[in-house]
Amino acid sequence: MLRKMTLILMGLMLLVSRSSAERPSINLELDSNQLIIFSATDIKAIAPVLNAFRAQNPTVNLEYHEFNTQELDRAIRAKPLEDQPDVVISSAMDLQVRLVNDGYAQPVLGEAVAALPSWANWRNEVIGFTYEPIVFVYNKQAFKNKAVPLTHESLASTMRIEDGFFANRVGSYDARRSGIGYLVATQDEVTSSISGRLQESLGRARTKVYGQTASLLDDIASGKLIFGYNLLGSYSFARERRDNSIGVVIPQDYALVVSRAAFISKQAKHVSNAQRFVNFLISDEGQDVIAKKSELVALFPDIDSLVSQQDVQDQTINFHPIPLGPALMVYLDDSKRRRFIKAWESALLPIKGE
Amino acid sequence: MSMTEKSYSIRSRMLGRSAFLLLSIFLILSLGVWHYARQSANYSYDRLLNSASLSIMEGLHVYDKQVDLDLPYAAFEMMQLANEDKVFYQALGTQGELITGYPDMPLPAKMSVESPISFYNGHYLSEDVRVVIRHKRISEPSVSGWVTVVLAQTLRARHEMMIDILYRSFAVLFGIMACVMIVLWVAINRALEPLSSISKSLASHSLVSAEPIQTTPIQEVSPLVSAINDYQAQLLSNLALMKRFIADASHQIRTAQSATQAQLDIASQSQNLADLPEHLSKIRTEHDRLTRLTNQLLTHAMVVHRGDAGVIEKLDVESVVKQLLTECVRDNAHRTIDFSYQCELPLPLFMGDSISLREAIRNLLDNALYYGPEHNQIEILLQTDSSGIDIIIDDAGSGIPLELREKALERFQRLANDLSGSGLGLSIVTSVAEAHGGQFFLEDSPLGGLRARIHLPKEGVSC
């Protein structure tokens, strides 16, 4: 009698749990063994990862389309759901989060997803697979006899004191054109209390703004610029390794960390390939390839090797990973964005007609 | 349904019914718990939604004659407390125009600014959402009117909280039910234990042994034990009475038989033929006695049996008595006996056994005739009052002295040994009176002899 009762109870509980755990069914169609990736990542930087995946899945026909972050967002929004690529990757975490919020993604399945740090996973639908600190880049030649500013605080004061030295020779992202630039600028405002002062200093130094990290780095290497503010660490470290003329500093008071975010389209045509690819990105193997072969930085990087170039003062670096979540959408609000860009323009670009 | 009830076990029946009851209670409680879980999950996250919408409302300001929203970061950080849920929002201006946010949020069919805040469930971008809609009046020189903030959140955190509460409550409920079931099982077994111990002691117990079943300290069981013991005691006393009766009856029969036998022996050994008629008459007397004894014994047995069997019919006492009297007068026409019959009021019909009653009255009449003198006067009186009917037979005989009347009612007690009474007559009358719920009395007769009175109550057997 007791057993009968238990059975009924268990049935009841099963019913309850089934209705709550809404697992999407995995569509295992393999009509054409393709995988289409839309990504805002330099093909050069990510190529080793793609090659490693190809080596592991030789039958998969991988198609990679490169965009810049804002173009990518527009491209995805322009397409109907059924024409979406399988996987979308971008370092503009805010844009990625908003795409997911608007229902463009489906959950990534797998044990590795659950093991991700909470800031690198939202709803299991968008996951971060790199760890890219936002850094200062400087021209070594120019700073030969000078102390390189190691914190936001010291940068702001140095720029104010030596405005002649910095004038016209500082570069940063154009928050209007570059998705990552906008993300970093807004997160600076959220995270730090001195961002206003810094923007003002940058404005006084007539900072040049760029849409691409590569051209920024080129100009610093050539000596056209002497200092780059808030650059993506991944590309900068890679450039530093190749090019002796630039140095990279991870700010020591706080360092924002951007994680390249990937999601699988809600109606991806090649779901199993997409699942395999995203799981590969966060697998030990994938992370190993990212760390050792690509220009990207793996999720759990060897921080010591990154900072070995700079003399870390007695304090440890305060890394501040930007968490994936709906809060990132605040600055994407049209009204908020308009307001922010206006303030940014008036601070950074005081002279019209640049 | 079958007419014969199938055998069943009280234990499993009680357990089964308790389990069924518990299950019903469990189901009802589960329903309550489910409701509670849903309520509290909604309540908690509605508060979150509420404060976030309030915070967004704070960001609405008038700039350059236009309402604009400076979306507060804090509002979304608050929403991130439900860290897995999507967030949708919208701000509407005084004319209902979109200021910022998602343009096509699910709005209630009829928007009223009566209540500053309201919650509802909706569906947006293929997700079920909980929506809060909040109104605020802006009155600036340039702009005035109601502005609206709509904020929606998916239900994942709510569901998680609800399931969490449900699981915990179910676990507790289930635990309690299991404990109750175990306690019930033990309790039922304990409660049924005396039953099996009594049946065990009954099985090993001989009914005719004088030893009663051991009394039990259990209050609920002791009535059963004492009932069994009472039953046994009654059975034993009845048995003793029967034994004595049989012993007495056989003694009487043997006595009569041996007397007859002795007279026969004397007659067969007698040489004198002239003595033979005398012997024969003695043998006849003895034989008459034996016959009378046998008849009385059979009558007694019949009366007792009918009394036990409870044979009841509607009877008219008057006609029974009249018929008997008629027979009696006819049989004793050769004797100088005065019969009189008196019935004051018409008697009501009486529920009883006419055959037993007839035997009782016949015995009384026979006694009056037998023991009375040659010139006797016998008077039959039928009286009725509120308590019942009295059948009274008076005679003018010698009567029975007061101290011997009680003895006269006992079986096989003959007051005069020389007379050939069976000693059963009055005992038959007593039995009949008792079987009808009445009583039998021996009293003094106004005629000088004995008055025999049978009192039959109106209630009792009659109904």
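**View 1. Packing of helix H2 of chain A.** The buried residues of H2(A) pack against strand S1 (34-40), strand S2 (61-66), helix H11 (233-242), helix H12 (271-282) and helix H13 (284-292) of chain A, where contact requires C-beta atoms, placed from the backbone, within 7 Å. Helices (H or I, at least four residues) and strands (E, at least two) are DSSP runs numbered from the N terminus. The model is predicted, with local features needing pLDDT of at least 70 and side-chain atom pairs counting only at pLDDT 80 or more, whereas totals for chains, interfaces and linings use all residues. Residues are numbered from 1 along each chain as its sequence is written, and chains are lettered from A and ligands numbered from 1 in the order in which they are written. Ala45(A), Ile46(A), Val49(A) and Phe53(A) of H2(A) are buried, that is, 20 or more other C-beta atoms lie within 10 Å of their own.

**View 2. The kink in H2(A).** Helix H2 (residues 43-56) of chain A, with 14 residues, reaches 19 Å from its first C-alpha to its last, close to the 20 Å expected at 1.5 Å a residue (1.5 Å times one less than the number of residues). A kink of about 25 degrees is centred on Val49(A), the bend being the angle between axes fitted to the seven residues ending at a residue and the seven starting there.

**View 3. Strand S3 of chain B and its partners.** In strand S3 (residues 87-92) of chain B, 6 of its 6 residues are buried, with Val87(B), Tyr89(B) and Ala91(B) on one side and Phe88(B), Gln90(B) and Leu92(B) on the other. S3(B) pairs with strand S7 (residues 144-154) of chain B in the antiparallel sense over 6 bridges (pairing needs at least two DSSP bridges), and Phe88(B) stands opposite Ala152(B) there. S3(B) also runs antiparallel to S4(B), joined by 3 bridges, with Leu92(B) opposite Leu98(B). These two strands, S3(B) and S4(B), form a hairpin with 5 residues between them, and Gly96(B) in the turn has a positive phi of about 85 degrees.

**View 4. The annotated spans of chain B.** The unreviewed UniProt entry annotates residues 20-37 and 165-188 of chain B as "transmembrane region"; such annotations may be inferred rather than shown by experiment. Residues 20-37 of chain B are 100% helix, with end C-alpha atoms 25 Å apart, and residues 165-188 of chain B are likewise 100% helix, with end C-alpha atoms 34 Å apart.

Definitions and conventions
A residue is buried if 20 or more other C-beta atoms lie within 10 Å of its own, exposed if 12 or fewer, and partly exposed in between; C-beta atoms are placed from the backbone. Two residues are in contact if their C-beta atoms, placed from the backbone, lie within 7 Å.
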